[in-house]
Amino acid sequence: MACDARCGHRVPEIVIGASLARRAGVIVATACWTAVAFAQDPAATTVQRIAREWLQLTDRGEGAASWDAAARQFKNAVPRESWVESLKSARDPLGAVERRTILSTSFTRSFPGAPEGDYAIVLFRTSFAKKEDAAETVTLEHEADGAWRVVGYLIR
């Protein structure tokens, strides 16, 4: 038995321990949430959202819509019908997306085979129905109109 400092009554030690554990848990959870909230770069949040929205089009098999939403460089490199066919042949064998998690987001000014500009690379770990562990890379370009758009997509 332990003594309650507030009123001098004897209370089981488990009550004091549980109370301290709850307080410590709340403090740790609050600190972690605060660190995550402040650590996220607004630009990273933006490109992650755009990459996820674009991937949702591919997840639904909307190849033409994903091409329409892509960057000018993407459209210049791949004709619409070719993209629709390529996406179908790459994604259909994998089955539906079961889980997708962002692994990293990075920004660069240069990208192999592309003119200098503002690029973002968002790497996802994705689990498909027929391929449990895949990596998806979505590359975005910050275009002249101020919008981020997908300029590249790779599945490994």
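The model is predicted, so local features need pLDDT of at least 70 and side-chain atom pairs count only at pLDDT 80 or more, whereas totals for chains, interfaces and linings use all residues. Residues are numbered from 1 along each chain as its sequence is written, and side-chain values use heavy atoms, with hydrogens and water left out. Helices (H or I, at least four residues) and strands (E, at least two) are DSSP runs, numbered from the N terminus.

Helix α2 comprises the 18 residues 42-59, which at 1.5 Å a residue should span 26 Å; the end C-alpha atoms are 25 Å apart, which agrees. The expected span is 1.5 Å times one less than the number of residues. Buried residues of α2 are A44, V47, Q48, I50, A51, W54, L55, L57 and T58, where buried means under 20% relative accessible area, exposed over 50% and partly exposed in between (1.4 Å probe, protein chains only). G61, with a positive phi near 75 degrees, follows α2.

An open sheet is formed by four strands in the order β3-β4-β5-β6, with antiparallel pairing. Because β3 (97-108) and β6 (148-155) stand at the edges with a single partner strand each, one side of each is left without a neighbour in the sheet. Two strands pair if DSSP finds at least two bridges between them; β5 (residues 131-142) and β6 pair over seven bridges in the antiparallel sense. Across this pair, T137 stands opposite L154 in β6. Helix α2 packs on the sheet and touches β3, β4, β5 and β6, contact being heavy atoms within 4.5 Å.

The largest nonpolar core has 18 residues, and those with the most contacts inside it are W54, W83, V138, L140 and Y153. Such a core is a set of buried Ala, Val, Leu, Ile, Met, Phe, Trp, Tyr and Cys residues joined through side-chain atoms within 4.5 Å. The most is given by α2, with five residues. Not counting residues up to four places away in sequence, V138 touches A51, L55, A120, I121, V122, F124, V150, G152 and Y153.

Technical notes: Axes fitted to C-alpha atoms, helices over the stretch in contact; angles between N-to-C directions.
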